Amino acid sequence: MSRLDRLVRSVGPRMDEAEVLIASVLGHRPDGRGHLALVATDRRLLLVTEGFARTMVDELSYAGITSFSLTDDPSGTVVEVVAREARWRLERIEASPEARVALALIERRCLRPDGSLVPPRRQPPRRVRVLLPEVELVERGPS
């Protein structure tokens with residue numbers, strides 16, 4: 001089992017039954033002392049930190065995310081997520097096609113305030129039908 005799989009599995013017990021996993025990527029901590037996994041679900045964004053004794057999981061709601069940036073670096077991609085209550089940074093994310101697709105999905109999810117993948121459909125204007133009260137017509141004779 002890969003390191004990313006192991007970190008993503010540690011999120012399982014924290015997820016609701018109806019929550020859906022969208023994408024995940026593996027990176028390194030900025031201080032170089034371990035690995036991080038960024039995991040996107042349909043409801044929130046999770047940061048899984050691998051530690052010596054235990055694995056820690058932090059979470060952000062999509063509505064709280066104010067910025068999501070991707071930067072290409074010679075050692076790999078750098079992701080920075082800024083929210084009202086936290087700032088996350090993952091470095092040295094592998095530059096593979098799978099990681100690129102996962103990062104694109106995560107970015108798209110984070111940049112929508114409600115966390116939806118699809119932009120809201122614009123509803124066409126509804127036709128309004130005005131109903132007038134029934135009026136009895138009276139025929140008038142010649143005046």
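**Salt bridges in the predicted model**

The side chains of Glu-91 and Arg-89 meet in a salt bridge, with 2.9 Å from N to O, and Arg-89 counts as partly exposed at 33% relative accessibility. This pair is described in a predicted model, and the structure holds 12 salt bridges.

**Arg-3 and Glu-50**

- A salt bridge joins the side chains of Arg-3 and Glu-50, where the N to O distance is 3.2 Å.
- This pair links distant parts of the chain, since Arg-3 belongs to helix 1 (residues 3–9) and Glu-50 to strand 3 (residues 44–50), and the two are 47 residues apart.
- Glu-50 has a relative accessible area of 17% and is therefore buried, the cut-off being under 20%, whereas Arg-3 is partly exposed, with a relative accessible area of 33%.

**Asp-72 and Arg-100**

- The side chains of Asp-72 and Arg-100 also form a salt bridge, at 2.4 Å from N to O.
- Asp-72 is classed as exposed because its relative accessible area of 57% is over 50%, while Arg-100, with a relative accessible area of 35%, is partly exposed.

**A linked network**

- Salt bridges also occur as a network, in which Arg-14, Glu-19, Arg-44 and Glu-59 are linked.

Methods. Residues are numbered from 1 along each chain as its sequence is written. This is a predicted model: local features need pLDDT of at least 70, side-chain atom pairs count only at pLDDT 80 or more; totals for chains, interfaces and linings use all residues. Side-chain values use heavy atoms; hydrogens and water are left out. A salt bridge is a side-chain nitrogen of Lys or Arg within 4 Å of a carboxyl oxygen of Asp or Glu. Helices (H or I, at least four residues) and strands (E, at least two) are DSSP runs, numbered from the N terminus. Buried means under 20% relative accessible area, exposed over 50%, partly exposed in between (1.4 Å probe, protein chains only).
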